[in-house]
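Take a moment to look over the sequence and the 3D view below. Then let us walk through them together, step by step.

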Amino acid sequence: MPETCFKGRAILPGDVDGEAVVSPQGFNILATYQETVIRRRKRAIGGDKNNPHVYGVDLTGKILIIPSGIGSTTGGIIIAEIALLGVAPKAIVCTREADTLTSSGVALAHEWFGKKIALIDKVGDEIFQHVKTGNRVKVTSKGEVCII
């Protein structure tokens, strides 16, 4: 069976594969990861009660597929902190243009802590019709997201 792939823009390229966690609604970075950072948890369990797609879901080492990040200006540092804790996703795939919070967070994690979180954007909302939470996907350094 041929792979179904979507092409986007690689902001922080990387070649990774893993389990997808899909949220078709905006991803509130602070609400999702606040408890993980404050309590220095060993697993990143989604804490945003307003997002049923991630609430209570283990996000550690997953590939997040979201429209974009939303929330306060602390979002970038929260992403850097979860990377430092070792509980960050392997990749973040934004269906739309990546927001500045998500982009700055992966940049900070990479530059400050040497922790890489691949970031791909502009893959299009159509991906939500094909990829579901639990599917295995791969992200390529060329900006491709493929169901495997």
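What percentage of the 148 residues in the protein do buried residues make up? Buried residues make up 47% of them, where buried means under 20% relative accessible area, exposed means over 50% and partly exposed lies in between, for a 1.4 Å probe and protein chains only. Before going on, please keep in mind that this is a predicted model, in which local features need pLDDT of at least 70 and side-chain atom pairs count only at pLDDT 80 or more, while totals for chains, interfaces and linings use all residues. Residues are numbered from 1 along each chain as its sequence is written, and side-chain values use heavy atoms, with hydrogens and water left out.

**The overall picture**

You can find 3 helices and 10 strands in the protein; these are DSSP runs numbered from the N terminus, with helices (H or I) of at least four residues and strands (E) of at least two. Starting at the N terminus, the order of elements is β-β-β-β-α-β-β-α-β-α-β-β-β. The protein has a radius of gyration of 14 Å, close to the 15 Å from the globule rule for 148 residues, so it is as compact as a globular protein of that length. That radius is taken over C-alpha atoms, and the globule rule is 2.2 Å times the number of residues to the power 0.38. Along the principal axes, the C-alpha atoms fill a box of roughly 45 × 30 × 25 Å.

Contact means heavy atoms within 4.5 Å. Among contacts between residues at least 6 apart in sequence, 79% join residues at least 24 apart.

**The nonpolar cores**

In soluble globular proteins, nonpolar side chains tend to be buried together. A nonpolar core is a set of buried Ala, Val, Leu, Ile, Met, Phe, Trp, Tyr and Cys residues joined through side-chain atoms within 4.5 Å. The largest one here has 25 residues, and Phe-27, Tyr-33, Leu-64, Ile-92 and Ile-117 have the most contacts inside it. At least two residues of this core come from each of helix H1 (29–38), strand E5 (63–66), helix H2 (75–85), strand E7 (91–94) and helix H3 (100–113). H2 gives the most, with 4 residues.

Leaving aside residues up to four places away in sequence, Leu-64 touches Val-21, Phe-27, Tyr-33, Leu-59, Pro-89, Ala-91, Ile-92 and Val-93. Apart from this core lies another, of 17 residues, which include Phe-6, Ile-65, Ile-120 and Val-145.

**The cysteines**

How many disulfides are there? The count comes to 1 disulfide, meaning a pair of cysteine sulfur atoms within 2.5 Å. It joins Cys-5 to Cys-146, with an S to S distance of 2.1 Å. The torsion about their S-S bond is about 110 degrees, so the disulfide is right-handed. Because Cys-5 lies in strand E1 (residues 4–7) and Cys-146 in strand E10 (residues 144–147), the pair ties together parts that are 141 residues apart in sequence. Cys-94 is in no disulfide, and the nearest cysteine sulfur, that of Cys-146, is 17 Å away.

| Residue | Relative accessible area | Class |
|---|---|---|
| Cys-5 | 36% | partly exposed |
| Cys-146 | 2% | buried |
| Cys-94 | 0% | buried |
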